[in-house]
2 protein chains.
Amino acid sequence: MVTMRDVAQRAGVSVATVSFVVNGSKPVRDETRERVEEAMLALGFHRNPLGAALARRGHTRIIAMLYPALERPLTPTAVAFFTGASRRAREQGYDLVMWPIGNDAEQVAVLARTGLVDGVLLMEVQLEDPRVDALRTAGVPFAMIGRTAEPEGIGYVDIDFAATTRDAVARLHALGHTRIAFVAGSEPGYQHAARTRAESAYRTAVTEIGGPATVIRVDESPAAGRALGERILTDHPGTTGVVILNEHAAAGLLIGLAHAGTSVPRDLSVVSMSTSAYMAEMAEPRLTYLRAPGAELGEWGVDALLERILSPDHAPRQRLLACEYVAGDTLAPAPAGAGAWAGA
Amino acid sequence: MVTMRDVAQRAGVSVATVSFVVNGSKPVRDETRERVEEAMLALGFHRNPLGAALARRGHTRIIAMLYPALERPLTPTAVAFFTGASRRAREQGYDLVMWPIGNDAEQVAVLARTGLVDGVLLMEVQLEDPRVDALRTAGVPFAMIGRTAEPEGIGYVDIDFAATTRDAVARLHALGHTRIAFVAGSEPGYQHAARTRAESAYRTAVTEIGGPATVIRVDESPAAGRALGERILTDHPGTTGVVILNEHAAAGLLIGLAHAGTSVPRDLSVVSMSTSAYMAEMAEPRLTYLRAPGAELGEWGVDALLERILSPDHAPRQRLLACEYVAGDTLAPAPAGAGAWAGA
């Protein structure tokens, strides 16, 4: 352990002078400061643990979760990712900070060059994500919550949107529904990967049960959900079931349906995908939903990242988690005479 | 601008060797490395901007927002603080990161010692907050979103809970309500300061209009709101108005009231304090509310902090913002014969 006394001796100054330089508590002549700083460097004395850590390049034991908070306010599900990831990081002796950087390769490169973080956890991952290339180029370990179109060689944990969508359609079909609409968000950028995978699985699943594919996109807001609820059965007559992947609009959808005189679930069943208990309880009737494994995703994401940091030669961890079904009050048999199909 | 060539010349090594040291791309003998590092220091060449910044002591241009995310998942209002603060920091050339540290003086001291951040923005401030002492001791500039019992000499921006509560009670009273209950959260720690100030203002205001003081505390969740709505008029008969400072429970309260056969606003009026448009639209009927100035608080908090960092000799900025009234569908005249008081 190098002390200020050692530095003072080597630089030929008093301990007080070293202290002034270290703490900035009094002005010191440039030449003296330089001598003290050279002695500090030669002896390996550092002002603070982070400075020391940076000098060793890496190992700050800080990891950053990148979330585009300026473009997309945190959803309750994203908050659960953050909470789970923070807790897991803490358990493993790391600090996790949320860094509000969007889909911006340049900002990611700047962060990487600071040497501030040991690794990065990407959120709101796009199918083609410029941040991935930026992190690879910078040589910063990273993992994803979500996944790109071709995630080979990258650690990730993601919701299995395809399996979850198949589950939602199958549960409606088992109760006689064949005319099932799919409601998603309308934002072009973020959530695109999840939506693309879910929508593709939806189209396959409804085709298999002989129903039409009806894809509806609305803004991610309660107001947009209200407006949709008021018009959905006028725009798409004969629909008896809705699978919704838009947690901000789900409670509003039910309010709009009530305004339009549609009884849920008697006239129309609703299954909400990738939703939290919190959002389900905010809705009336209480949503039947497929629970987003928020905290688990955060924990797994941290584990995948720490493996990249600590064992870069291991194969990256990759995992898909399906959403778990939670019964609520918005799923019932298809209304009689609604063109329900008795087969299968 | 010092280049690797300058460093190589001074250290008497090749540019490639300097590059190996800078990038850690190949092992370099200790003695050579030391010569290169001394040359780098003497010339003011730094591996990366953060390293350079740290060497100048501070001025990393990173500020941390401390939020106890492990103990208290982010509310929509807190998300608005974060978004507003991040945007403002970016405008001012700073990066703002969210650091999930709770009410823990020791963790705050560790963060302060790293020298990583130029300043700290405290959220979920307590009346007696041990983090304030820790930051003062560490000499780290800070400001608060919220305020302690005695915030003299500290920069802050806070919601004016007293004025906002008086406004809510006055609006109900103007419509003939005198039996007005106050619903708040039940968590003992966080939100205590806000609740204490609001509750005190509520007691004064209802006493002035000759009504009884009825304080009800429930968990901050939609489920707790539902349960309260189902029993509130049984537990507190004669109540015609509710002021609620618990945004997670407000939508559930309306659902529970509907279950109990209470018509809002015909039988009972509800005014939600410190609420967002998002939460108001999630509720049915749409909430009448006093809007939390979320983004503005975040922006003002950053301004107050940057002033501490850049002009430590100025008087700290302190500001209270009242919530703005937004008409919704949950406020109406007190029902006839409900003991309404025609005076004042």
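Residues are numbered from 1 along each chain as its sequence is written, and chains are lettered from A in the order in which they are written. In this predicted model local features need pLDDT of at least 70, side-chain atom pairs count only at pLDDT 80 or more, and totals for chains, interfaces and linings use all residues, while side-chain values use heavy atoms, without hydrogens and water.

Student: How are helix 3 of chain A and helix 3 of chain B oriented to each other?
Tutor: Helices are DSSP runs of H or I with at least four residues, and strands are runs of E with at least two. The two helices, each residues 30–43, pack at about 150° with axes 10 Å apart; angles run from 0 to 180 degrees between N-to-C directions. Angles over 145 degrees count as roughly antiparallel. Helix 3 of chain A and helix 3 of chain B are therefore roughly antiparallel.

Student: How many charged residues does the contact of helix 3 of chain A with helix 3 of chain B have?
Tutor: Contact means heavy atoms within 4.5 Å, and the residues making this one include Glu34(A), Leu41(A), Glu34(B) and Leu41(B). Asp, Glu, Lys and Arg count as charged. The contact has 4 nonpolar residues, no polar ones, and charged residues numbering 6.

Methods: Angles under 35 degrees count as roughly parallel, over 145 as roughly antiparallel, 65 to 115 as roughly perpendicular and the rest as oblique.
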